[in-house]
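Thanks for making the time this morning.

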Amino acid sequence: MNASPFPIESTAAQAQAAIRDEFAFFGDWSERYQYLIDLGRKLPPFPEPLRIEEHRLLGCQSMVWIVPSGDAARLDFAAASDSAIVSGLIYLALRVYSGRSAREILDTDASYIADIGLAKHLSPTRSNGLASLLAFIREAAQRALA
């Protein structure tokens, strides 16, 4: 797979703080949605051979594929979606969690979601998909520690 750009910040907490700061620049949700779409375009290319049912994330209305790699010391995630906004949500989640230790992943609540107002502005199906994505990342971390 292509080299991951994550982590960008040194810790998950710093990543969440940076996300909060970035979203604070935008005055309304149309600007924030556009920023989400722009972030989704920054995801590394996801190899076509990995876009298979085995790597599909269930619980999402959009097509989402995610593949974990690594071990308890460092877990990386490669992911993609057929939806521009969902790709942006993936980018934010990977920015917080990918390239971190399993322990840091499990110790980090996704507070950025509420802090930037995402929880209030996502449709129920997108909220469920985001919850599925975050649950998958946590489960991968739990498996790595087992």
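This is a predicted model: local features need pLDDT of at least 70, side-chain atom pairs count only at pLDDT 80 or more; totals for chains, interfaces and linings use all residues.

Which residues of the largest nonpolar core touch the most other members? They are Phe77, Leu92, Tyr112 and Leu118, out of the 43 residues in that core. Residues are numbered from 1 along each chain as its sequence is written, and side-chain values use heavy atoms, with hydrogens and water left out.

A nonpolar core here is a set of buried Ala, Val, Leu, Ile, Met, Phe, Trp, Tyr and Cys residues joined through side-chain atoms within 4.5 Å. Buried means under 20% relative accessible area, exposed means over 50%, and partly exposed lies in between, with a 1.4 Å probe and protein chains only.

If we take Phe77 and leave aside its neighbours within four places in sequence, its contacts (heavy atoms within 4.5 Å) are with Ile66, Val67, Pro68, Leu94, Tyr97, Ser98, Ile105, Phe136, Ile137 and Ala140. One of these, Leu94, is found in helix α3 and counts as buried, at 2% relative accessibility. Apart from residues up to four places away in sequence, Leu94 touches Phe6, Leu43, Phe77 and Ala79. Leu94 and Ser4 are 90 residues apart in sequence, yet 9.6 Å apart in space, C-alpha to C-alpha.

Let me now step back to the whole chain. Its secondary structure comes to 7 helices and 2 strands, where helices (H or I, at least four residues) and strands (E, at least two) are DSSP runs numbered from the N terminus. From that end, the order of the elements is α-α-β-β-α-α-α-α-α. The radius of gyration, taken over C-alpha atoms, is 14 Å, close to the 15 Å that the globule rule (2.2 Å times the number of residues to the power 0.38) gives for 146 residues, so the chain is as compact as a globular protein of that length. Along its principal axes, the C-alpha trace spans about 40 × 30 × 25 Å. Of the 146 residues, 48% count as buried, and among contacts with a separation of 6 or more, 66% come from residues 24 or more positions apart.

Next, helix α1. Running over residues 12–24, α1 has 13 residues and reaches 18 Å from its first C-alpha to its last, close to the 18 Å expected at 1.5 Å a residue, the expected span being 1.5 Å times one less than the number of residues. The buried residues of α1 are Ala12, Ala15, Gln16, Ala18, Ile19, Glu22 and Phe23. Why do these residues line one face of the helix? Seen down the axis of α1, they fall within an arc of 160°, taken from the directions of the C-beta atoms as seen from the helix axis, so they line one face. On the other side of α1, Ala13, Asp21 and Ala24 are exposed. What covers the buried residues of α1 includes α2 (29–40), α3 (84–97), α4 (102–106) and α5 (111–115).

Rings of Phe, Tyr and Trp (its six-membered ring) pair if their centres lie within 6.5 Å, and planes under 30 degrees apart count as stacked, over 60 as edge-to-face and the rest as tilted. By this rule the count comes to 5 aromatic pairs. The rings of Phe23 and Phe26 have their centres 6.4 Å apart and their planes at 75°, so that pair is edge-to-face. Phe26 also pairs with Tyr35, in a tilted arrangement at 4.9 Å centre to centre and 35° between the planes. Ring pairs thus link Phe23, Phe26 and Tyr35 into a cluster, in which Phe23 is buried at 1% relative accessibility, Phe26 is partly exposed at 22%, and Tyr35 is buried at 17%.

Finally, the peptide bond from Phe6 to Pro7 is cis, with omega near 0°, and Pro7 is found in the segment before α1.
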